[in-house]
Amino acid sequence: AIDSVLLQTYANWELCIADGGSTSPQVKEILENYTRNDARIKVNFLGRNKGIAENSNEALAMAGGEFVAFLDHDDTLAPFALFEIAKAVNKDHNVDFIYSDEDKLSENGQNRFNLNFKSSWNPDLLRSNNYLTHLTAITRTLIDKTGGFRAGFEGAQDYDLILRATEQANRIHHIPAILYHWRTHEKSTADNPEAKAGAYEAGRRAV
């Protein structure tokens, strides 16, 4: 995931990582090495796992950019992902919510499959399922306006944020290109939608 950000063709980014109390010394060592080698990478070692929503808010608190995009720790970005986002923003400065197409990535990272070419903005479809998911980029202003991630929606915390953000967005833009590779494994919802108990119920409450 980190290497896929370092390989971006667009260089004006920062990567904000919240480590939710990892107990592996190797993880801390790897993250510290990355921060030493590139000042654009920031890490906050939280000391304990606050849950996906609060951990994500801790990462948001470090972000200083105009737009924020979200990347799960086991997924990767296409090399031109951030360039495409910057290009969309430069073309229309009123855009404050951007989403792209995506695909799935095998656990070993060797195969891409299940290409997901999404529709243009469709609020009715979004209320049926989180068809936006990845890659999503939202202005910091809009995120602050909606209050960021909310505890109590774990498993559907991104869906909850997207529903609230799109409801208040000025302009929503779809980039018709696969910018995000969602890794599959047996414990991920990418491979098994029922892998995370309570995700459906959290999504229903979000709607």
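Because the model is predicted, local features need a pLDDT of at least 70 and side-chain atom pairs count only at pLDDT 80 or more, whereas totals for chains, interfaces and linings use all residues. Residues are numbered from 1 along each chain as its sequence is written, and side-chain values use heavy atoms, with hydrogens and water left out.

Helices (H or I, at least four residues) and strands (E, at least two) are DSSP runs, numbered from the N terminus. The surroundings of the two partners are described by relative accessible area, where buried means under 20%, exposed over 50%, and partly exposed in between (1.4 Å probe, protein chains only). K87 is partly exposed at 44%, while E84 is buried at 18%.

Another salt bridge joins D144 and R140 at 3.1 Å, N to O. Both residues belong to helix α6 (residues 140–146), where they are 4 residues apart, about one turn of the helix. D144 counts as exposed, with 51% relative accessibility. In helix α8 (residues 199–206), E201 and R205 are likewise 4 residues apart, about one turn of the helix. Their closest N and O atoms are 3.9 Å apart in a salt bridge. E201 is partly exposed at 37% relative accessibility, and R205 is partly exposed at 41%.

The backbone comes next. Most residues other than glycine have a negative phi, and most peptide bonds are trans. Against that background, the peptide bond between H134 and L135 is cis, with omega about -15 degrees. L135 lies in the loop between α5 (123–128) and β7 (136–139). T133 is found in the loop between α5 and β7, and its phi is positive, near 40 degrees. T133 is buried, with a relative accessible area of 13%.

A positive phi also occurs at N114, where the value is near 50 degrees. N114 is located in strand β6 (residues 112–116). Strand β6 pairs with strand β5 (residues 97–105) in the antiparallel sense over 3 bridges; strands count as paired if DSSP finds at least two bridges between them. Within this pairing, E102 has N116 of β6 as its bridge partner. The two strands form a hairpin with 6 residues between them, and G109 in the turn has a positive phi of about 80 degrees.

Finally, F70 lies in the loop between β3 (67–69) and β4 (76–77). At 22% relative accessibility, F70 is partly exposed. Apart from neighbours within four places in sequence, F70 is in contact (heavy atoms within 4.5 Å) with L60, L135, T136, I138, I143, F149, L161 and Y180. One of these partners, L135, takes part in the cis peptide bond with H134. The C-alpha atoms of F70 and S56, which are 14 residues apart along the chain, are separated by 9.1 Å.

Methods. Salt bridge = Lys/Arg side-chain N within 4 Å of Asp/Glu carboxyl O.
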